[in-house]
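I opened my notebook to look up a few places in a model. I wrote down what I found, entry by entry.

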Amino acid sequence: MDSEKIATNHVELAISKTGHLVSHINSNDKEPSWDGDVEVYKKSGHVHAKADLILKVPVQVKGHIKPNLKKKSIKYSIQYSDLRNYLYVGGTIFFVVYFDKEDEHYTIYYVGLLPFDLKKMLKDYKGDFSKCKSIELKVFPTKKKISMISSLISRIT
């Protein structure tokens with residue numbers, strides 16, 4: 001079972017339902033800290049004009065088989081080297097997808113790692129980039145919620 005491919009497929013499907021976001025996420029990628037990016041547009045729709053592009057946000061997607069999928073938030077460990085890389089590019093949206101063995105049920109969690117937050121997280125850094133920092137992720141909405149998307153966009157821009 002290719003957990004990364006399953007996870008990226010679930011994230012891409014969820015993003016495609018928003019209307020404001022367009023994903024370009026690769027499974028089995030070779031980038032050091034990212035799996036692709038998401039384009040953020042001012043106007044909702046299936047076809048977007050270049051003039052409506054607000055920004056591109058790098059994304060990272062992790063997939064795991066986990067039977068307990070009902071939590072509203074999770075903790076996930078991210079290496080300090082990745083946090084530093086996310087800061088260098090101006091932030092990243094980090095996704096974790098938990099799904100059962102049959103991939104019948106899944107939950108997508110996310111966190112927007114913005115420069116301000118990343119700088120605070122990196123203050124804990126003690127000189128070993130292989131060490132990890134535990135981060136809290138929230139459930140990604142499964143329905144089209146423009147208010148949540150608008151809130152995320154306003155924090156990024």
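This is a predicted model: local features need pLDDT of at least 70, side-chain atom pairs count only at pLDDT 80 or more; totals for chains, interfaces and linings use all residues.

Entry on S23. Is S23 buried or exposed? I noted a relative accessibility of 16%, and because the cut-off for buried is under 20%, S23 counts as buried. I then looked for its contacts, leaving aside neighbours within four places in sequence, and listed E12, I15, D37 and V38. With E12 there is also a polar contact, side chain to side chain, at 3.4 Å.

Entry on α2. I went on to helix α2, residues 80-88, and asked which of its residues are buried. My list reads Y80, S81, D82, L83, N85 and Y86. I checked what covers these buried residues and found that the cover includes the strands β3, β4, β5, β6 and β7, together with helix α3. Just after α2, I noted that G90 has a positive phi of about 90°.

I found β6 mostly covered, with seven of its eight residues buried. How many bridges join β5 and β6? I noted eight, and the pairing is antiparallel. As an example, I saw F94 opposite V111 in β6. The hairpin of β5 and β6 has six residues between the strands, and in this hairpin D103 takes a positive phi near 60°. I also looked at β6 with β7, which pair in the antiparallel sense over two bridges. For Y110, I recorded K138 in β7 as the bridge partner.

Conventions:
Residues are numbered from 1 along each chain as its sequence is written. Side-chain values use heavy atoms; hydrogens and water are left out. Buried means under 20% relative accessible area, exposed over 50%, partly exposed in between (1.4 Å probe, protein chains only). A polar contact is a pair of N or O atoms within 3.5 Å; within protein, one must be able to donate a hydrogen and the other to accept it, and residues adjacent in sequence count only if both atoms are side-chain atoms. Contact means heavy atoms within 4.5 Å. Helices (H or I, at least four residues) and strands (E, at least two) are DSSP runs, numbered from the N terminus. Two strands pair if DSSP finds at least two bridges between them.
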